[in-house]
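Please look through the structure below one part at a time.

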Amino acid sequence: MSTKKVFILWIIIAFGIAFLLQRNTNENAQPDDSSGLIVASNAIYAAEQAPGRSVLVSLVRFEKPGFVVIHDDVAGSPGKILGVSGLLKKGETKNLSPITLSKIIINGETIYAMLHFDDSDGVFNAAKDKPVLFNFEPTMMIITVSSDTTVEPGAISL
């Protein structure tokens with residue numbers, strides 16, 4: 001075998017090893033991150049919502065079990081709780097069941113979908129199940145309600 005062919009073979013082997021090492025490092029960092037979009041241990045995504053009595057959340061990720069809590073808007077901040085998901089397990093969940101609200105949300109309204117950790121009893125209690133914080137701020141998604149919504153807010157395909 002010529003020196004040139006041996007050199008090319010070693011380059012191919014080196015790239016293969018580097019690829020496998022990089023892939024293994026990524027898998028160890030986020031072993032159950034199937035979407036490839038999540039960059040934090042706790043995250044949420046919900047699209048613009050149509051007016052109605054429920055909210056569709058496309059994707060959540062928890063580092064430990066928790067709830068998605070829907071809040072109304074009070075002067076640009078989360079206010080009263082309008083609805084709560086069922087208990088969600090640790091890891092990533094896509095296309096949650098609709099979260100039923102205590103009131104109808106209307107066109108032009110803003111709502112907030114906020115993550116709360118469970119206090120280990122499996123039942124949401126606003127006093128005990130505190131918001132998930134990132135840089136001292138709640139992990140949440142600000143959602144606009146629009147009658148012009150054409151996107152299926154709960155459907156996510158990754």
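Ile-111 is in contact with Val-55, Ile-70, His-71, Leu-82, Ile-105, Met-141, Ile-142, Ile-143 and Val-145, leaving aside its neighbours within four places in sequence. The model in which these contacts are found is a predicted one.

Ile-111 also belongs to the largest nonpolar core, which has 21 residues. Val-55, Val-57, Val-60, Val-68, Ile-70 and Ile-111 are the members that touch the most other members. In soluble globular proteins, nonpolar side chains tend to be buried together. Which elements give two or more residues to this core? They are strand 3, strand 4 (66–74), strand 7 (99–105) and strand 8. The largest share comes from strand 8, with four residues.

Five bridges connect strand 8 (residues 110–117) with strand 11, in the antiparallel sense. Met-114 has Met-140, in strand 11, as its bridge partner.

A second open sheet consists of three strands in the order 1-3-6, again with antiparallel pairing. Strand 1 (43–45) and strand 6 (91–94) are at its edges; each has a single partner strand, so one side of each has no neighbour in the sheet. Here the twist averages 10° from one strand to the next. Strand 3 (residues 59–62) and strand 6 run antiparallel and are joined by four bridges. Arg-61 stands opposite Glu-92 of strand 6.

Thr-93 is found in strand 6 as well. Is Thr-93 buried or exposed? The cut-off for buried is under 20% relative accessible area. Thr-93 has 18% relative accessibility, so this residue counts as buried. Beyond its neighbours within four places in sequence, Thr-93 is in contact with Ser-58, Leu-59, Val-60 and Leu-88. Val-60 was named above among the core residues that touch the most other members.

Asp-129 is placed in the loop between strand 8 and strand 9 (133–134). With 0% relative accessibility, Asp-129 counts as buried. Which residues does Asp-129 contact, leaving aside its neighbours within four places in sequence? They are Phe-67, His-116, Phe-117, Asp-118, Asp-119, Val-123 and Phe-124. Phe-67 is 62 residues away from Asp-129 along the chain, yet their C-alpha atoms are separated by 8.5 Å. The side chain of Asp-129 also reaches two backbone nitrogens: that of Asp-119 at 2.7 Å, and that of Asn-125 at 2.7 Å.

The last step is to take the chain as a whole. Along the sequence, the pattern is α-β-β-β-β-β-β-β-β-β-β-β. The protein has 158 residues, and 34% of them count as buried. Of the contacts between residues at least 6 apart in sequence, 68% join residues at least 24 apart.

Methods
Residues are numbered from 1 along each chain as its sequence is written. This is a predicted model: local features need pLDDT of at least 70, side-chain atom pairs count only at pLDDT 80 or more; totals for chains, interfaces and linings use all residues. Side-chain values use heavy atoms; hydrogens and water are left out. Two strands pair if DSSP finds at least two bridges between them. Axes are lines fitted to C-alpha atoms, for helices over the stretch in contact, and angles run from 0 to 180 degrees between N-to-C directions. Buried means under 20% relative accessible area, exposed over 50%, partly exposed in between (1.4 Å probe, protein chains only). Contact means heavy atoms within 4.5 Å. A nonpolar core is a set of buried Ala, Val, Leu, Ile, Met, Phe, Trp, Tyr and Cys residues joined through side-chain atoms within 4.5 Å. A polar contact is a pair of N or O atoms within 3.5 Å; within protein, one must be able to donate a hydrogen and the other to accept it, and residues adjacent in sequence count only if both atoms are side-chain atoms.
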